[in-house]
Amino acid sequence: MVLRQLSVLYLAAASSFCVAIVLSQHPTLNSAAKTGAHFAGEKSAEAAVALNNYVLKPGWSWTTSEAGDLTHRAEVAMNPPPVHVAQKPAPVRPVQLARRETPKLAKPVAAPQRVATIAPPKLRPPIVESTPPEIPALPGKSQEVASAAPPKLTLVPQAALPAPPPPSVENTPPARVAAAPSPEELVRVTQRLKDSLTSEMLEHFALFLYVSKADHGPLAQRMYVFQKQASGDLTMLYNWPVSTGREQIEYNPAGVKLPSFTPAGYYQLDPGRMYSHYRSVQWDQPMPYAMFFNWENRGYMTGLAIHGAAGEDIGLLGTRASAGCIRLAPENARVLFSLIRENYKGLVPKFAYDRRTATMANDGMMLHDSDGRLQLAQGYKVLVFVEDYGGENVVAALF
């Protein structure tokens, strides 16, 4: 840019210089200017003299001085002395040149400044090394996860403990599991079963299994086995702790979401599905002495059954701990299994069936023909009644 400006100034100076020389020193043009008054008059001569005095001579002097000044500036630009550049009181044009030259002179100065600004990142490694206090934030999160995991992991070992020792499952107090109902409670559950049975049920069934799926209460999580006498009265044969469903939606070992509910209602036993040795397909768990319900729900025969507990599940008896089935202690399941198969085969009423939903009734409604006669089929004369009642004193609970 400096060379280009110098070239333009040189060309302008040279042009003015040539014009000045030609007009001031050429004899013909000078004489023409002097004699022009004879042909153009006095005014033409005065114009020529004014042009020479006010244009050509000042232009020549300015050009020679400006050219010398520009030459001097070019030398300074090519070899910039720092003192002259800083102290040069340049006019408007030199200020512009100084501003444009400043970046060139500042580049070597800017380099150390950039190095100075880049230096701090080089000093950051020790800062990063001093930031490990922030890194424990990640272990902190993992510690929170680890702290949440132990309860899940510790439940299994606690569940594996036998029922008698105090450190059993939190929701399974050993005293509640081991404690037998009082005589007053037995009278209450017997009366409650009688009140819930219809005359057709009392007439056509001979063994009644009353199961409380309640989470708490003196009768909660127990099975009461009643035998009908010839007089029609009910005699209690057994009362055992059980485990009913966990009452939630959860994932089985295969990762399939399934319900673990034990639905309340009346059920019969399926004569075609009685197994002394069986294993659950959905939950991959053993089901010794399995007796399945004869209940179709939405077109499918359900997998609900009464069976013996196994392994760690034995210690959970007395709590809601199953996937929906009714679990018993293995020896109690064997006793009930043998009792039913050997003594209670016969004709039993059919439960009503809704063809629209392909669901068998579990509310106690039985199937009758057009004449009102009860429909019967071969099976086991055993009626299972499940309800969510723990035997609490409702009047006392209100206060």
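Strands S1 and S2 (residues 222–228) run antiparallel to each other and are joined by six bridges. That pairing is a handy way into this predicted model, where local features need pLDDT of at least 70, side-chain atom pairs count only at pLDDT 80 or more, and totals for chains, interfaces and linings use all residues. Numbering starts from 1 along each chain as its sequence is written, and side-chain values use heavy atoms, with hydrogens and water left out.

A few terms first. Strands (E, at least two residues) and helices (H or I, at least four) are DSSP runs, numbered from the N terminus. Two strands pair if DSSP finds at least two bridges between them.

**The sheet around S1**

On its other pairing, S1 teams up with strand S17 (residues 382–387) in the parallel sense, again over six bridges. Take Leu207: its bridge partner in S17 is Val382, while in S2 its partner is Gln227. S17 also pairs with S6, antiparallel this time, through three bridges; here Tyr267 has Val384 of S17 as its bridge partner.

Put together, you get an open sheet of five strands in the order S3-S2-S1-S17-S6, with mixed pairing. Strand S3 (234–241) and S6 are the edge strands, each pairing on one side only. Neighbouring strands are turned by 20° against each other on average, direction ignored; axes are lines fitted to C-alpha atoms, for helices over the stretch in contact, and angles run from 0 to 180 degrees between N-to-C directions.

Helix H8 (residues 183–196) touches S1, S2, S3, S6 and S17, and its direction makes about 115° with that of S3. Helix H10 (residues 330–343) touches S1, S2, S3 and S17, at about 145° to the direction of S3.

How many residues of S1 (residues 207–212) are buried? Six of its six are, where buried means under 20% relative accessible area, exposed over 50% and partly exposed in between (1.4 Å probe, protein chains only). In a regular strand the side chains alternate between the two faces of the sheet. In S1, Leu207, Leu209 and Val211 are covered on one side, and Phe208, Tyr210 and Ser212 on the other.

**Inside the core**

A nonpolar core is a set of buried Ala, Val, Leu, Ile, Met, Phe, Trp, Tyr and Cys residues joined through side-chain atoms within 4.5 Å. The largest one has 48 residues, and Met223, Phe293, Ile306, Leu336 and Ile340 have the most contacts inside it. Leaving aside neighbours within four places in sequence, Ile306 is in contact with residues including Leu209, Met223, Leu336 and Val384.

**Rings**

The whole structure holds 10 aromatic pairs. Rings of Phe, Tyr and Trp (its six-membered ring) pair if their centres lie within 6.5 Å; planes under 30 degrees apart count as stacked, over 60 as edge-to-face and the rest as tilted. Here are two of the pairs:

| Pair | Type | Centre to centre | Between planes |
|---|---|---|---|
| Tyr267 and Trp295 | edge-to-face | 5.3 Å | 70° |
| Tyr278 and Phe292 | edge-to-face | 5.2 Å | 80° |

Tyr267 and Trp295 are both buried. In the other pair, Tyr278 is partly exposed, with a relative accessible area of 31%, whereas Phe292 is buried at 4%. Ring pairs also link Tyr210, Tyr224, Tyr266 and Phe385 into a cluster.

Definitions and conventions:
Contact means heavy atoms within 4.5 Å.
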